[in-house]
Amino acid sequence: MVLVQLYDEGEGIQPSWQQKIFDKFVRAQRSLTTPVRGSGLGLYICRRYIEAMRGRLWLQHSVPGEGSTFSFYLPRIDAPPTKSERAPEEIGL
């Protein structure tokens, strides 16, 4: 597996939103005066793509006012697929 960690110095994610941010159409409210932008699909789509490639994406760490760290891993290209991931004809079905 290959592990990638991405860090930003943005506003961070409030603890009450951290379990929801990968859901479809979720847009975390920054403040009462800052309008929420975007469709709420970015992290949802990223997670689905990574999972489709046999990987995993998660929020590693986030502190409001200090930024966030997202981590994901993907299998190496030279890693052979597991038996359950091979086509039926490859395993004699």
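Strands here are DSSP runs of E with at least two residues, helices are runs of H or I with at least four, and both are numbered from the N terminus. Residues are numbered from 1 along each chain as its sequence is written. In this predicted model, local features need a pLDDT of at least 70 and side-chain atom pairs count only at pLDDT 80 or more, while totals for chains, interfaces and linings use all residues; side-chain values use heavy atoms, with hydrogens and water left out.

**The sheet**
- Three strands make an open sheet in the order β1-β3-β2, with antiparallel pairing.
- β1 and β2 are at the edges with a single partner strand each, so one side of each has no neighbour in the sheet.
- From one strand to the next, the twist averages 15° (axes are lines fitted to C-alpha atoms, and angles run from 0 to 180 degrees between N-to-C directions).

**Who pairs with whom**
- Two strands count as paired if DSSP finds at least two bridges between them.
- Strand β1 (residues 2-8) and β3 are antiparallel over seven bridges, and V2 faces L74 of β3.
- β2 and β3 are also antiparallel, joined by seven bridges; V63 has G67 in β3 as its bridge partner.
- The hairpin of β2 and β3 has three residues between the strands, and G65 there takes a positive phi near 90°.

**Covered and uncovered**
- In β3, six of the eight residues are buried (buried means under 20% relative accessible area, exposed over 50%, and partly exposed in between, with a 1.4 Å probe and protein chains only).
- Y49 sits in helix α1 (residues 42-52) and is exposed, at 56% relative accessible area.
- Together with I45 and M53, Y49 forms a nonpolar surface patch of about 330 Å² accessible area.
- Such a patch joins nonpolar side chains (Val, Leu, Ile, Met, Phe, Trp, Tyr) within 5 Å, from residues with over 30% relative accessible area and no salt bridge (a side-chain nitrogen of Lys or Arg within 4 Å of a carboxyl oxygen of Asp or Glu).

**How confident is the predictor?**
- The protein chain averages a pLDDT of 81, and 74% of the residues score at least 70; pLDDT is the predictor's confidence in each residue, from 0 to 100.

How values were computed
Patches are made of residues with over 30% relative accessible area and no salt bridge: like charges are joined within 9 Å, nonpolar side chains (Val, Leu, Ile, Met, Phe, Trp, Tyr) within 5 Å. Accessible areas come from the Shrake-Rupley method with a 1.4 Å probe; for residues, only the protein chains shown count as cover.
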